[in-house]
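Morning, everyone. Please have a look at the sequence and the model on the screen.

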Amino acid sequence: MSTPSSAFQPIRRLTPRDLTACADLSENRGWPREEHKWGLLLTAGTGYGIDDPDGGLVTACVVTSYGPQDRPALAAIGMVLVAERHARQGVGRRLMRHVVAELGTTPVTLHATPYGRPLYEELGFKTTGRAEMVRGHFVPGGPEPEVATRAATAEDLTAILRLDEEVFGTDRTHMITRLPAFADQLRVAEENGRIIGYAAAWPNLDNHVVGPLIARDTEAAKALIASLAAHVDGPLRTDIDVRHEELLAWVKERGLAPTSFNAVMTYGIAELPGDWTRRFAPLTVAAG
């Protein structure tokens, strides 16, 4: 049985020193530990949690803010977890209310599972889109996309950041500049010497996640996925905006099977900023 006092423990900021406790909490709820991803989120974002008097964490989440530091244009909430023995006691609701209140007037987005969606709706979040997770071994086939791709270099970073801000709708330099160290691959799509897209593949347990995936059009997105897959052993996983029907059909024809859907939800804003037609997949659903 949980101790009644656990629900009244203070909410505190988490730091990278809490990585193991966060991974333990993931495992407790049947999620993979994902320590590599937790490390990025706790470094680039702000973690919130409640300590369990008996050790570990009762609940946790991470907020990643984008835009000017003193006045963020957008914040993404992810990794919202409550330990099994503290579930259904209002702890997650309390944490979310605290985080939303602390964000003030900053617009917020998150990806919600069917399980979590009712809570977010209760808090005032609205569903504005959907993303489909696909996973599997990529099998090349059919006509190759006629877009040139190559490994990104340090000299490409300025152009990548400019393109990312244009498509994402706000600056996320503090996240994108971490990609070369976080990801196993960072590749760009080019036309006439100009970067028209970029994508990363980063390790996550027994697979590689493709994200972010930003491209001028579907052909460039296909070329980036195919080029990443060519340098990966094992399955790929990515979360594609369902409006990109052609890309979803293409990856499914090449071995990636649908596994789940998440609702893309917003609070304080009617829709996400930027250009969804060029935004194919997030870096991770936890960070937008």
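**Cysteines and a helix pair**

Start with cysteine 61: it is buried, at 0% relative accessibility. Buried means under 20% relative accessible area, using a 1.4 Å probe and protein chains only. Cysteine 22 is buried as well, with a relative accessible area of 0%.

A word on the source. This is a predicted model, where local features need pLDDT of at least 70, side-chain atom pairs count only at pLDDT 80 or more, and totals for chains, interfaces and linings use all residues. Residues are numbered from 1 along each chain as its sequence is written, and side-chain values use heavy atoms, with hydrogens and water left out.

For cysteine 61, the nearest cysteine sulfur is that of cysteine 22.

Now the helices. These are DSSP runs (H or I, at least four residues), numbered from the N terminus. Helix α8 covers residues 218–229, and helix α9 covers residues 245–253. They pack at about 30 degrees, with axes 10 Å apart. The axes are lines fitted to C-alpha atoms over the stretch in contact, and angles run from 0 to 180 degrees between N-to-C directions. So α8 and α9 are roughly parallel, a label for angles under 35 degrees.

Key: Buried means under 20% relative accessible area, exposed over 50%, partly exposed in between (1.4 Å probe, protein chains only). A disulfide is a pair of cysteine sulfur atoms within 2.5 Å. Helices (H or I, at least four residues) and strands (E, at least two) are DSSP runs, numbered from the N terminus. Angles under 35 degrees count as roughly parallel, over 145 as roughly antiparallel, 65 to 115 as roughly perpendicular and the rest as oblique.
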